[in-house]
Amino acid sequence: MNLNRFSIFTFLITFSMMAFAQEQSNLRKKNLLLLSDTTQIDSMVIVPHSEIVYNDHGEIVSDSMYLIDYNQSVFITKNGLEKTTSSILITFRVFTSLQQSKYSHRSASQVILSGPVLAYPENITKTDRNTFYNENQLDRRGSISRGIIMGNNQNASVSSNLNLQIAGKLSDNMNILAAITDDNIPIQPDGNSQQLQEFDKVFIQLYNQKTKLIAGDFEITKPAGYFLNINKKGQGGLLNTRIPLKKNPSSSFETTISGAIAKGQFCRKTFQGQEGNQGPYKLTGCENELYIIVLAGSERIYINGQLKVRGKENDYTIDYNTGEIIFTASCTINKDSRIAVEFEYSEKSYARFMISTSNLLKSDKGSFWINVFSEHDSKNQSLGQDLTAEQKLILSQTGD
């Protein structure tokens, strides 16, 4: 009795699995009468190139004699197939889970007919409205962070960091380039490569084809003319403009005016090389200060009157924080090498102000220029210490 029950149970399970497998199979076989050149095969989408077609003689029909629309499940005869056979047997596979539904990115009622081009109205949401950035075609990148600092020996405090770079067009005739940060980065780039990336350079530059305005960190380089060969780093403002003359379009007047606080003090050091010693050679200040910080990118090194190029693959490397120079193997140093170094170093005794202007007039007859540069200490604005009136009187009475 138990054996019969087990046999019946096994038969029911096997039959159910066979029926389920048959129901899930996507293989189909159908006989079709070719009453016209177009015949509906099935209601499901046919798997492309899965069909095998037999004529009424049991022979396989070449695919050059018919065409199948797989999405619509339609059999279309070609080359007079319906004249050679009255019926066909076709086996094929279908997509069982694919429904014949229409999908579209937008509603067809939103289509706007404007000539040969189809356009869709833009649905403006709150996030799609023009802002200051996308309206003015600005490329901006950077980061902003907020943090809380706490410890066993201090109370909780809030820290904030901002790093923002902006470049792009403010209008059709005005561009902007800016690097803004609120971090005071004490590090300088390494002087091991020819190109330097200055981390602490903060500025905003507005410019067009004729005028340029810079506020922040900038450099004053040698203007047009033979004299005034300078390279100074400053923090302030610079205005450069070029004015074409009306009488002669080929003539123009260009002027540059700047006023800034000097980041460092200029110094020139000359010394003799040592036989077989590639470095390091230590730089000192104008007053022979031993420990100085050289401003990155401000150095010019000459050996026997020839300007050398920074970089491991070139002539020398420099450590700006210690003021040490190491010459590479491509620049051999001996006892006859006359080394001259022009550089700027950080000097914080007094605030140093510099004012410069350069003017250039170009015409068909020639070029005329006048350049002025002035740099001086603000002796009433000391950075190292504040002296009282009595201390200043004592120093004035001590003499030289």
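Select Val 94 to begin: apart from residues up to four places away in sequence, Val 94 touches Asn 26, Arg 28, Met 44, Val 45, Ile 46 and Val 47, where contact means heavy atoms within 4.5 Å. The model on display is predicted, so local features need pLDDT of at least 70 and side-chain atom pairs count only at pLDDT 80 or more, whereas totals for chains, interfaces and linings use all residues. Residues are numbered from 1 along each chain as its sequence is written, and side-chain values use heavy atoms, with hydrogens and water left out.

Val 94 is found in the loop between E6 and strand E7 (112-114). Helices (H or I, at least four residues) and strands (E, at least two) are DSSP runs, numbered from the N terminus. With a relative accessible area of 1%, Val 94 is buried; buried means under 20% relative accessible area, exposed over 50%, and partly exposed in between (1.4 Å probe, protein chains only).

**From Val 94 to Asp 42**

Next, select Asp 42. The C-alpha atoms of Val 94 and Asp 42 are separated by 8.9 Å, although the two residues are 52 residues apart along the chain. Which residue forms a salt bridge with Asp 42? The partner is Lys 30, and the closest N and O atoms are 2.9 Å apart. A salt bridge here is a side-chain nitrogen of Lys or Arg within 4 Å of a carboxyl oxygen of Asp or Glu. Because Asp 42 lies in the loop between strand E2 (38-40) and E3, and Lys 30 in strand E1, the pair ties together parts that are 12 residues apart in sequence. Asp 42 counts as buried at 7% relative accessibility, whereas Lys 30 counts as partly exposed at 28%.

**The sheet E1-E6-E3**

In the order E1-E6-E3, 3 strands form an open sheet with antiparallel pairing. The edge strands, each pairing on one side only, are strand E1 (27-33) and strand E3 (52-54). On average, neighbouring strands of this sheet are turned by 15° against each other, direction ignored; axes are lines fitted to C-alpha atoms, for helices over the stretch in contact, and angles run from 0 to 180 degrees between N-to-C directions.

Strand E6 covers residues 87-93 and is joined to E3 by 3 bridges, the two running antiparallel. Two strands pair if DSSP finds at least two bridges between them. To find one of these positions, select Val 53, whose bridge partner in E6 is Ile 90.

Move on to strand E10 (residues 154-171) and strand E11 (residues 174-181), which pair in the antiparallel sense over 8 bridges. A hairpin joins E10 to E11 through 2 residues. Within the pairing, Leu 164 has Ile 180 in E11 as its bridge partner. E11 is also joined to strand E12 (residues 203-207) by 5 antiparallel bridges, and Ile 176 stands opposite Leu 206 in E12.

Now select Ile 204, Leu 206, Leu 213 and Leu 239 together. These residues form a nonpolar patch on the surface, with about 300 Å² of accessible area together. Patches are made of residues with over 30% relative accessible area and no salt bridge: like charges are joined within 9 Å, and nonpolar side chains (Val, Leu, Ile, Met, Phe, Trp, Tyr) within 5 Å. Accessible areas come from the Shrake-Rupley method with a 1.4 Å probe, and for residues, only the protein chains shown count as cover. Ile 204 is found in strand E12 and counts as partly exposed at 37% relative accessibility.

**Salt bridges at E14**

The structure holds 11 salt bridges. Select Glu 219 and Lys 233, whose side chains meet in one of them (2.7 Å, N to O). Since Glu 219 lies in strand E13 (residues 211-220) and Lys 233 in strand E14 (residues 232-244), the pair ties together parts that are 14 residues apart in sequence. Glu 219 is partly exposed, with a relative accessible area of 33%; Lys 233 is buried, at 7%.

Then select Lys 232, which forms a salt bridge with Glu 344, the closest N and O atoms being 3.2 Å apart. This pair links distant parts of the chain, with Lys 232 in strand E14 and Glu 344 in strand E22 (residues 338-345), 112 residues apart. Both Lys 232 and Glu 344 are buried.

**Helix H4**

Finish at helix H4 (residues 389-398). How many of its 10 residues are buried? The count is 0, and the helix is hardly covered. Just after H4, Gly 399 takes a positive phi of about 80°.
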